[in-house]
Amino acid sequence: MGFRTTIRRLNDANSITHGVVATALTAGLAAVEPRRLTTGRRVVYRSAIAALTAWTVWASLRPADEPDFLGPIGRGAVAAGAGGTAFGLAEAGEALDARLRDGLGRAGARRPRLWLVAGQAILSLGSWWVGRQSARVSAAEDSEDAATADLVEIPTELRALAELLLSATDDHGAPALRAQLAEARLVRDAPEEPFWPWVSMETASEGPRAVPGTATFPVLGRFRALDDRTFDVRLRVEGGRIDGLHVDEGADWTADERARWDEAERDLSALGVWPTADAIDLFIETPDGYRSM
């Protein structure tokens, strides 16, 4: 798993990676005995709790498949407020921790601190699981809504992009996908919605399917925008049929470029429009990386 992928999963509140790491950090903080800390270490301990709270709140507010209503500044403000509240309530939390620890000791528990660690881990993992299940239910409802969404003609510029990607090779199921594209329709449930960096398409259920059946087509279209950064147009395949198009950050970005993009908390909706077919260069994925075509 690449560094970028790991960071994305850490910041995805519904990912297993996020759930495991958040649970581990929560359990680790629960293992600390606050009453034994010096003043300086107590500040560090409380700051760690505040930071963990801010991170989990910020991750839970990051958009997945929906528009970012809060925006980076709004998410940051809410997360900072949650962290500050956690820091302010730390003393009360430590008092409760002491009562629970002493109560377990009086009840005969041999290692009461370990019981508190286990309890915190279970609560953290349980809350993550409930949130993840809720997200799945919401996604299922969105899928049902999509099933009743309007099917409209694919805009000329989007069709031209898809045709260009699929015309670059006859491998990877391209002939079947080209045949599907001829009759494909755009799924749109909000025609007035502004640009969004991915679109879904629906094709006829009959006819040949592409192999591999579920993949990102290995030919991409690269263009430049937003301070001369590179971005890639990709075509998704699901179940052997065209699923849609999406724009992603350029696969040729350096680590520093990715870091600056993430630090600026920009997202792909800032592109505003899809590129035209004559503005992109074609690349194909090879064992040695992407090669210009």
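Predicted model: local features only at pLDDT ≥ 70, side-chain atom pairs only at ≥ 80, totals over all residues.
Helix H3 (residues 39–61) packs against helix H5 (residues 90–106) at an angle of about 100°, and their axes are 11 Å apart. Angles of 65 to 115 degrees count as roughly perpendicular, so that is how H3 and H5 lie to each other.

On the H3 side, the contact is made by Arg42, Tyr45 and Arg46, which meet Ala90, Glu91 and Glu94 of H5. Sorted by class, this contact has 4 charged residues, 2 nonpolar and no polar ones.

## An antiparallel pair: H7 and H8

Next come helix H7 (residues 156–167) and helix H8 (residues 174–183), whose axes are 9 Å apart and form an angle of about 160°. H7 and H8 are therefore roughly antiparallel to each other, and their crossing is left-handed.

From H7, Arg159, Ala162, Glu163, Leu166 and Ser167 take part, meeting Ala174, Leu177, Arg178, Leu181 and Ala182 from H8. These residues divide into 6 nonpolar, 3 charged and 1 polar.

Most residues other than glycine have a negative phi, and most peptide bonds are trans. Now for some places to look up in the loops.

Histidine 172, in the loop between H7 and H8, has a positive phi of about 60°. This histidine 172 counts as partly exposed, at 36% relative accessibility. Aspartate 228 has a positive phi too, of about 65°, and sits in the loop between strand S5 (219–225) and strand S6 (229–238). With 53% relative accessibility, aspartate 228 counts as exposed.

Finally, valine 211 and proline 212 are joined by a cis peptide bond, with omega about 5°. Proline 212 belongs to the loop between strand S3 (198–202) and strand S4 (215–216).

Note on methods:
Residues numbered from 1 in each chain as written. Heavy atoms only, no water. Axes fitted to C-alpha atoms, helices over the stretch in contact; angles between N-to-C directions. Helix = DSSP H or I, 4+ residues; strand = E, 2+ residues; numbered from the N terminus. Parallel < 35°, antiparallel > 145°, perpendicular 65-115°, else oblique. Left-handed = near helix turned anticlockwise from the far one by under 90°. Contact = heavy atoms within 4.5 Å. Nonpolar A, V, L, I, M, F, W, Y, C, P; charged D, E, K, R; others polar. Buried < 20%, exposed > 50% of the residue type's maximum accessible area, 1.4 Å probe, protein only.
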